[in-house]
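Colleague: I am new to reading protein models. Could you take me through this one, step by step?

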Amino acid sequence: MNGWRGASPTARLLLVAVLLTGLTTFMFLPLLAIELTAQGIPAGRTGFLVGLLAFSSQAFSLLSGLLVDRLGPRRVMAAGFLLRIAGYVLLGLGGAGRPAPLVAGIVAVGVGGSMLGLSTKTLLVSQEGSDPRTMLALRSTFVNIGVVVGPALGALVYPLGFRYILAACVLSHLVLGIGLVSGRTAAAVPGRTAAKATGPGAGPDADPGAGPDAGPGADPGAAPDAAAGRPGEVTRWTLLRHWAPLAALGVAYWAIYSQLNVLLPIAANELTGSTAAISVVFTANGLLVVLFQYTLLSRVFRRATARTLLALGFLAFACAYAVLIPLAGWYSLLAFVLPVTLAEMLIGPSLDEQAVNAAALRRTGLALGTMSAAGALGSLLGSSLGGQLLQATRGGSRAWVLLVGCSLAAAAICLLLPKVRTRHA
């Protein structure tokens with residue numbers, strides 16, 4: 001990967017951290033419900049605890065973004081590593097007869113994961129010499145390696161005991177935490193750095209708020225689409241024009257994507273008569289992302305704007321759910337994999353890229369946290385409405401028709417985003 005070869009040593013270390021934390025997380029996560037049930041915890045309480053882990057991570061994302069901007073990503077990263085290590089230890093100490101450490105451990109792992117995710121993402125998009133799209137594409141690739149390989153490693157280790165998996169999580173986070181926090185990761189500013197400025201005037205002393213089209217008399221704090229106001233003024237309308245559709249797209253993406261965990265497993269079983277069908281979908285999806293994510297964003301669509309990529313991604317979602325309408329068994333299911341994976345590869349990183357471009361100076365953490373919060377809301381709405389939709393349609397094609405319509409509506413919303421790369425002061 002040219003992006004890896006051109007990345008700074010700090011960026012490479014951060015990407016290795018993303019890979020290793022992803023591996024251990026997905027060693028642990030798929031087996032958590034199995035382990036809790038094996039300890040004698042009722043299924044209802046097990047479901048609550050697994051849901052609490054996801055909620056703790058997503059609900060804390062907005063505050064994590066604020067902390068990254070206020071305290072700096074290095075400190076937030078250190079707190080994230082400490083919380084996760086403490087959480088894994090508490091999970092090892094908890095059990096059916098000791099619910100307090102179990103609940104505390106799950107919350108600590110979730111909140112720590114939120115802090116780690118946002119701090120590393122903020123540092124990656126702020127690295128000198130690397131554009132946010134390249135870093136986000138590489139990050140997505142490394143995360144998906146963990147998604148594909150982690151469960152297999154967990155299945156190999158689990159017969160030895162769940163505590164061996166927890167020990168691997170503690171050890172990896174301890175080593176990575178010491179290496180990252182004591183290293184030079186603080187070199188990147190929490191927000192876009194001066195090195196992100198582009199154009200003829202960009203250099204070590206360039207104003208980080210100046211956009212690429214800023215001329216000699218331009219106010220470095222003025223947004224490109226705020227010229228109608230006083231010089232340097234960013235109006236509420238300017239912010240609303242960018243963030244309202246962007247947040248709506250974040251909610252829509254996760255609401256549509258969440259159907260892979262709600263509607264699709266049941267539909268895959270009905271279409272094929274095989275409970276292993278959904279595993280085929282997820283495995284193929286993960287492999288395609290690992291193999292093509294970076295190439296797709298950094299080469300094939302290198303010159304495309306984030307707005308264009310978002311529109312193409314939602315159109316791919318529409319195609320993916322459209323092929324399920326005929327209910328053609330394995331044919332429909334296998335044809336579904338390619339467009340839904342394309343949608344995932346285009347939309348996820350592009351939402352973050354658009355948020356970074358729209359963020360105020362030194363507010364990158366808040367921007368990324370806002371997108372994570374929108375994703376949490378979308379996941380919650382998608383999961384709830386998907387269940388209602390499943391009951392209402394009773395396995396017919398109407399659910400897929402509705403999802404195609406939602407995807408096309410989201411593609412239309414993409415046209416409301418500004419055409420230019422916005423830099424607010």
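Modeller: Start with how helices are compared. Axes are lines fitted to C-alpha atoms, for helices over the stretch in contact, and angles run from 0 to 180 degrees between N-to-C directions. Helices (H or I, at least four residues) and strands (E, at least two) are DSSP runs, numbered from the N terminus. The model is predicted, so local features need pLDDT of at least 70 and side-chain atom pairs pLDDT 80 or more, while totals for chains, interfaces and linings use all residues. Residues are numbered from 1 along each chain as its sequence is written, and side-chain values use heavy atoms, without hydrogens and water.

Colleague: At what angle do helix α5 and helix α8 pack?

Modeller: Helix α5 covers residues 73-93, and helix α8 covers residues 162-181. Their axes lie 9 Å apart. The packing angle is about 165°.

Colleague: Is α5 roughly parallel or antiparallel to α8?

Modeller: Use the cut-offs: under 35 degrees is roughly parallel, over 145 roughly antiparallel, 65 to 115 roughly perpendicular, and the rest oblique. The angle here is about 165°. Therefore α5 is, relative to α8, roughly antiparallel.

Colleague: Which residues of α8 make the contact?

Modeller: Contact means heavy atoms within 4.5 Å. On the α5 side, the residues include Met77, Phe81 and Tyr88. On the α8 side, they are Arg163, Leu166, Cys169, Val170, His173, Leu174, Leu176, Gly177, Leu180 and Val181.

Colleague: What percentage of the residues count as buried?

Modeller: Buried means under 20% relative accessible area, exposed over 50%, and partly exposed in between (1.4 Å probe, protein chains only). The protein has 425 residues. The buried share is 49%.

Colleague: Which residues touch the most other members of the largest nonpolar core?

Modeller: A nonpolar core is a set of buried Ala, Val, Leu, Ile, Met, Phe, Trp, Tyr and Cys residues joined through side-chain atoms within 4.5 Å. The largest one has 45 residues. Those touching the most other members are Phe314, Phe317 and Tyr321.

Colleague: Is Asn285 buried or exposed?

Modeller: Asn285 sits in helix α11. Leaving aside neighbours within four places in sequence, Asn285 is in contact with Tyr257, Val337, Thr341 and Glu344. Because its relative accessible area is 5%, Asn285 is buried.
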